[in-house]
Amino acid sequence: MARLKRNHPLPLYVQLSDTLRADIHAQRLPPHAQLPSERELCSRYNVSRMTVRQALIDLTREGLIYSRVGKGTFVSAPKIDQQLKTLTGFSQEMSSRGSRTSSQVLEARVFSADPEIAQMLHIPIDSEVVQLSRVRLADQVPLALETVRLPHRLVPNLLRHDFSTESLYDVLEREYNYRLTRAEQTIEAALANPRDAALLQLVPPVAVLIMERLTFTDQDILIEHVQSTYRGDRYKFRSALAPRSMQLAIA
């Protein structure tokens, strides 16, 4: 066990975070291993609880550890490196990585579109819209919040399905015969609001990635608008860029 030096120029909480970080990188603390409690760390390193908390806050902000309410603090798995090449849903993406997916349904309803929603979905004002909001989990860890809106006329009786276990994209393809072929999306960084942080079991202040997507079928029908909030400590998105000269040649 590394000893912390009280006469060292680095503060004790920095020395402690450096020690724990080294243990994580060397996999002496492997992914999903539970860290000792704050009390145990205080006793082990002979430091105050404030010192321990500051060290844990720093490691949380780096995405190296995460907390689960009522259960403790754990070592994070490597970030999910999601490539922005193909149009996939959360269930498909996580299943391809060998993870077991599930969802917690927060809201499932049909409502009349206000002017903003109507413009977003390219439908008349007061048209019926299906809204489905879920917490998306992989191996029982909440990774994202997702709110999907679809024109109700395109997906009648959609909410008879149990979307705590079913994949929306699978249902759209299997039952409604829609082939989702392209999307327009944006990604931006933000700080999680208190509600989102609580649902994602994060300790604020904490960064998240917000993605908005418009999804189209092979008939160029706008089928959905989705806003997803991803944990910034668990995700990174990757895309491949071609030289401008190649793009012009293709065009």
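Q: Leaving aside its neighbours within four places in sequence, which residues is Val52 in contact with?
A: The model is predicted. Val52 is one of the residues with the most contacts inside the largest nonpolar core. Neighbours within four places in sequence are set aside here. The contacts of Val52 are then Leu16, Glu38, Leu41, Cys42 and Val47.

Q: Which elements give two or more residues to the largest nonpolar core?
A: The largest nonpolar core has 19 residues. Leu16, Val52 and Leu56 have the most contacts inside this core. The elements that give two or more residues to the core are α1 (12-25), α2 (38-45) and α3 (49-61).

Q: How many residues does the other core have, the one that includes Val148 and Ile223?
A: This core lies apart from the largest one. Among its residues are Val148, Leu158, Leu180 and Ile223. The core has 17 residues.

Q: Are α1 and α3 oblique or roughly parallel to each other?
A: The two helices pack with their axes 8 Å apart. The angle between them is about 50°. Angles under 35 degrees would count as roughly parallel, and 65 to 115 as roughly perpendicular. The angle of about 50° therefore makes α1 to α3 oblique.

Q: Which residues of α3 does α1 meet?
A: α1 passes α3 in a right-handed crossing. From α1 come Leu12, Tyr13, Leu16, Ser17, Leu20 and Arg21. They meet, in α3, Thr51, Val52, Gln54, Ala55, Leu56, Asp58 and Leu59.

Q: Are α2 and α3 roughly perpendicular or roughly parallel?
A: The axes of α2 and α3 lie 9 Å apart. The packing angle is about 110°. Angles of 65 to 115 degrees count as roughly perpendicular. α2 and α3 are therefore roughly perpendicular.

Q: Is the crossing of α2 and α3 left-handed or right-handed?
A: On the α2 side, the contact is made by Glu38, Arg39, Leu41 and Cys42. On the α3 side, Arg49, Val52, Arg53 and Leu56 take part. The crossing of α2 and α3 is right-handed.

Q: What is the phi of His32?
A: Most residues other than glycine have a negative phi. His32 is not a glycine, yet its phi is positive. His32 sits in the loop between α1 and α2 and is partly exposed, with a relative accessible area of 40%. The phi of His32 is about 70°.

Q: Is Asn157 buried or exposed?
A: Asn157 is in the loop between β6 (141-151) and α6 (168-174). Its phi is positive, near 65°, in a residue other than glycine. Exposed requires over 50% relative accessible area. Asn157 has 51%, so Asn157 is exposed.

Q: Is Asp196 buried or exposed?
A: Asp196 is in helix α7 (residues 194-199). Leaving aside neighbours within four places in sequence, Asp196 is in contact with Leu145 and Thr229. Buried means under 20% relative accessible area. Asp196 has 11%, so Asp196 is buried.

Q: What share of the residues of the chain count as buried?
A: The secondary structure comes to eight helices and ten strands. The chain exposes about 14100 Å², and carbon and sulfur atoms supply 49% of that area. Of the 251 residues, the share that count as buried is 45%.

Conventions: Residues are numbered from 1 along each chain as its sequence is written. This is a predicted model: local features need pLDDT of at least 70, side-chain atom pairs count only at pLDDT 80 or more; totals for chains, interfaces and linings use all residues. Side-chain values use heavy atoms; hydrogens and water are left out. Helices (H or I, at least four residues) and strands (E, at least two) are DSSP runs, numbered from the N terminus. Buried means under 20% relative accessible area, exposed over 50%, partly exposed in between (1.4 Å probe, protein chains only). Accessible areas come from the Shrake-Rupley method with a 1.4 Å probe; for residues, only the protein chains shown count as cover. A nonpolar core is a set of buried Ala, Val, Leu, Ile, Met, Phe, Trp, Tyr and Cys residues joined through side-chain atoms within 4.5 Å. Contact means heavy atoms within 4.5 Å. Axes are lines fitted to C-alpha atoms, for helices over the stretch in contact, and angles run from 0 to 180 degrees between N-to-C directions. Angles under 35 degrees count as roughly parallel, over 145 as roughly antiparallel, 65 to 115 as roughly perpendicular and the rest as oblique. A crossing is left-handed if the near helix is turned anticlockwise from the far one by less than a right angle, and right-handed if clockwise.
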